[in-house]
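Here are a few notes to read alongside the structure.

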Amino acid sequence: PLLVQIIDTPQFQRLRYIKQLGGGYFVYPGASHNRFEHSIGVAYLAGLQARTLRENQPELNITDKDILCVEIAGLCHDLGHGPFSHLFDQMFMPQACANEKWKHEDASVEMFEYLLEKNKEHLTEMENSGLEDNDLVFIKELILGEPLREESSPSDWPYKGREEDKSFLYEIVSNKQNGIDVDKFDYFARDCHHLGLKNNFDHMRYFKFTRVIGVEKNKLKRKHICSRDKEAGNLYDLFHTRNRLHRRAYQHKVTKNVEIMIKDALLKANNQIQFEGKNEKFYTLSDAKDDMEAYIQLTDQVTERIPESSSSEMEQARNILERIMRRDLYKLVGEAKVGHFNNSLYLKHSIIGEIKCSLYKIRVKEFVVRSVQIKFTYSYGKGDKDPVECSYFYKKDEPGKAFQISKQQVSNFLPECFLEQTIRLYWKKKDEDKTLLNDVTQKFMVWCKDNGFQVIFRSAMLEVKSFTIIRLRIQQGCTGHFRL
């Protein structure tokens with residue numbers, strides 16, 4: 001009943017108007033699902049996994065209150081998403097608030113607090129559920145995926161919501177250990193369904209073969225959720241599905257193209273759109289995060305306010321959105337695949353600067369620096385490491401002993417490299433100066449050749465002017481999302 005009451009609040013209903021895949025809906029018409037249904041699915045799976053663990057291992061002392069907290073955290077973990085989901089926090093916000101470190105999980109915690117504050121009379125089941133202050137702290141920690149504040153030394157248990165003997169509960173909704181959590185289980189299955197792709201990972205089978213086992217590491221013994229050794233292949237299917245979704249949908253060349261354009265439009269309109277917060281104070285699109293009363297108004301529908309405005313200051317934003325509606329998108333000039341031997345951290349800092357310097361040398365009078373926007377993407381996760389090697393397993397005849405498995409023990413057909421980088425070159429404006437474009441294209445090809453990158457070009461590359469560079473790091477098996 002409490003979950004239903006939370007769902008029936010304006011703060012949660014807002015998620016009906018935020019697309020799960022952002023700009024992916026402009027490429028895949030079936031990808032019309034929203035954060036609303038995803039959040040309900042995560043709550044269901046979180047409760048299912050917790051109940052399965054309690055049924056299989058009564059000695060864990062998982063209480064009804066533990067399960068309720070995990071379900072609420074699953075339900076509310078995405079309350080802080082902005083318009084078009086990750087487009088807002090990973091593309092728009094880093095440019096609009098360059099010096100601020102902000103992520104949607106922070107906003108989710110704030111929105112959860114705001115939901116409780118604004119709906120005290122409506123949430124009658126809160127009192128009946130018996131939730132106390134430490135339970136609310138526990139829920140916030142689960143949403144955030146980390147302690148609320150760093151007060152303890154590395155050797156101490158950093159969480160306040162639950163004691164160390166229930167450390168495994170922190171791996172259900174947002175697992176920082178290896179990225180295997182119910183959030184992914186739901187959006188993999190849901191996204192594959194709406195995109196028409198096959199999901200090879202069976203999360204119901206995963207639940208069946210999981211156990212909680214104490215693991216000693218660095219003189220600390222904590223309980224982790226472990227899988228049967230024979231299920232290692234199923235976990236590789238999980239990360240293979242993630243890799244496939246990023247390649248075919250999340251990082252699709254047109255998906256990123258549309259998202260760049262939406263982001264550009266929002267940046268142009270940032271200071272022109274106002275949202276009223278507490279005490280009649282107004283906030284811009286990027287500042288609304290500081291006041292949940294203003295932030296609750298931010299949904300995908302913010303792009304509908306731009307065409308409705310007749311202000312001359314919104315003209316550039318209106319033109320960009322009109323181009324999207326007419327399918328007059330930025331053009332992909334070329335794409336270069338980074339070689340295996342070049343998958344190093346040095347690329348993160350130097351690769352963009354090198355291309356910029358090379359292209360700026362071309363007909364400088366016509367190539368104005370201010371007309372160039374260069375972006376790069378990166379992910380949170382295990383980088384080039386194998387996430388399955390960060391997981392724990394057990395054997396049928398030794399259910400109380402946890403160990404790790406290397407990929408060589410699973411199969412010789414598994415990847416040697418878990419990180420791949422691709423550079424894409426987009427031109428933004430429609431001016432057809434093919435002489436300049438040919439010079440830029442040639443320079444880009446030379447630069448790629450000098451760095452040992454495999455170049456891929458399309459015929460559409462000789463049509464437009466001004467560019468954006470995106471570096472895509474497609475990781476097979478990482479917990480994070482991509483960011484611009």
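1. Ala, Val, Leu, Ile, Met, Phe, Trp, Tyr, Cys and Pro count as nonpolar, Asp, Glu, Lys and Arg as charged, and the others, with Gly among them, as polar. On that scheme, the lining of the largest cavity has six nonpolar, six polar and one charged residues.

2. Keep in mind that what you're looking at is a predicted model. The chain has 484 residues, and 57% of them are buried. It holds 18 helices and 13 strands. If you take the contacts with a separation of 6 or more, 76% of them are between residues 24 or more positions apart.

3. Back to that largest cavity. How much space lies in it? About 80 Å³. It has 13 lining residues, and nearest its centre are Asn-178, Ile-180, Tyr-206, Ile-225 and Ser-391. Strand S2 (220-228) gives the largest share of this lining, with four residues. In total, the structure has three cavities of 30 Å³ or more.

4. Next, have a look at the second largest pocket, with about 610 Å³ of space. Its lining is made up of 22 residues, and Trp-157, Tyr-159, Gln-177, Arg-222 and His-224 are the closest to the centre. Two elements give two or more residues here: strand S1 (210-217) and S2. Which of the elements gives the most? That is S2, with three residues. By class, the pocket lining comes to nine nonpolar, seven polar and six charged residues.

5. Strand S8 (residues 393-395) runs antiparallel to S9, and two bridges join them. Phe-393 stands opposite Phe-403 in S9, while Lys-395 has Glu-398 of S9 as its bridge partner. How many residues lie between the two strands of this hairpin? There are two between S8 and S9.

6. Leaving out residues up to four places away in sequence, Leu-68 touches Leu-2, Ser-129 and Leu-131. Ala-50 is 18 residues from Leu-68 along the chain, with 9.5 Å between their C-alpha atoms.

7. Tyr-187 is another one to click on, this time in helix H9 (residues 182-195). Is Tyr-187 buried or exposed? With a relative accessible area of 7%, Tyr-187 is buried. Tyr-187 and Ser-39 are 148 residues apart in sequence, yet C-alpha to C-alpha they are 9.3 Å apart in space.

8. Two backbone spots deserve a second look. Most residues other than glycine have a negative phi. Asn-61, though, has a positive phi, near 60°. This residue sits in the loop between H3 and H4, and its 54% relative accessibility makes it count as exposed, for which the cut-off is over 50%.

9. Glu-280 is the other spot: its phi is also positive and near 60°. Where is Glu-280 found? It is in the loop between strand S3 (275-276) and strand S4 (282-283). With a relative accessible area of 63%, Glu-280 is exposed.

Technical notes. Residues are numbered from 1 along each chain as its sequence is written. This is a predicted model: local features need pLDDT of at least 70, side-chain atom pairs count only at pLDDT 80 or more; totals for chains, interfaces and linings use all residues. Side-chain values use heavy atoms; hydrogens and water are left out. On a 1 Å grid over the protein atoms alone, a cavity is a set of points where a 1.4 Å probe fits but cannot get out, and a pocket is an open set with protein on both sides within 12 Å along at least five of seven lines; lining residues have an atom within 4 Å of a point. Grid points are joined across faces, edges and corners, and a volume is the space filled by probe spheres set on the points. Two strands pair if DSSP finds at least two bridges between them. Buried means under 20% relative accessible area, exposed over 50%, partly exposed in between (1.4 Å probe, protein chains only). Contact means heavy atoms within 4.5 Å.
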